[in-house]
Amino acid sequence: LANLNGTVDKYYWMAAYLDGRLTENSTFETTVDVYSFHSGLNSAGDRQAMRAVGIYQYYLTRNLSTHASMAVDGIFRRQLEDVWTASGSVGMRYTF
């Protein structure tokens, strides 16, 4: 542990969010997050990551709605290959 004495990791994070009503029955939401990790250890390496999410929701009735969403995630590393993932969903919801 003596080698770690005085070692500092730094972590930065930033996020942006936007939502709104498109029509009387539909809404949207978007989120973007960016992360940066700087390790105090040379062997750990620095990493940056980002995530973007978009959601569309349509209200069929007061209690019944549908939605579609999409997300993209990425991790950037100097010592290893970048990793990208994408996901999505479509659904219907009944609220009591």
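Modeller: A salt bridge is a side-chain nitrogen of Lys or Arg lying within 4 Å of a carboxyl oxygen of Asp or Glu, and we shall apply this to the structure above, which is a predicted model.

Colleague: How many salt bridges does the count come to by this rule?

Modeller: The closest N and O atoms of Arg51 and Asp73 are 3.6 Å apart, and the rule asks for a distance within 4 Å. That pair therefore qualifies under the definition, and by this rule the count comes to one salt bridge.

Colleague: How many residues apart in sequence are the parts that this pair ties together?

Modeller: Arg51 belongs to strand β3, residues 47-59, whereas Asp73 belongs to strand β4, residues 64-77. Arg51 is partly exposed, with a relative accessible area of 35%, and Asp73 is partly exposed too, at 22%. Because the two residues sit in these two strands, the pair ties together parts whose separation in sequence is 22 residues.

Colleague: Asp33 is buried yet has no salt bridge, so how far away is the nearest side chain of opposite charge?

Modeller: Asp33 is found in strand β2, residues 26-38, and among the residues that Asp33 touches are Trp13, Met50 and Arg51. A salt bridge needs the atoms within 4 Å, and the nearest side chain of opposite charge, that of Arg51, lies at 5.5 Å.

Colleague: Which residue in β5 does Met70 stand opposite?

Modeller: Strands β4 and β5, the latter being residues 83-94, pair in the antiparallel sense over 12 bridges. These two strands form a hairpin with five residues between them, and the residue in β5 that stands opposite Met70 is Gly88.

Conventions. Residues are numbered from 1 along each chain as its sequence is written. This is a predicted model: local features need pLDDT of at least 70, side-chain atom pairs count only at pLDDT 80 or more; totals for chains, interfaces and linings use all residues. Side-chain values use heavy atoms; hydrogens and water are left out. Helices (H or I, at least four residues) and strands (E, at least two) are DSSP runs, numbered from the N terminus. Buried means under 20% relative accessible area, exposed over 50%, partly exposed in between (1.4 Å probe, protein chains only). Two strands pair if DSSP finds at least two bridges between them. Lys and Arg count as positive and Asp and Glu as negative; His and the chain ends are not counted. Contact means heavy atoms within 4.5 Å. Lists of a residue's contacts leave out its neighbours within four places in sequence.
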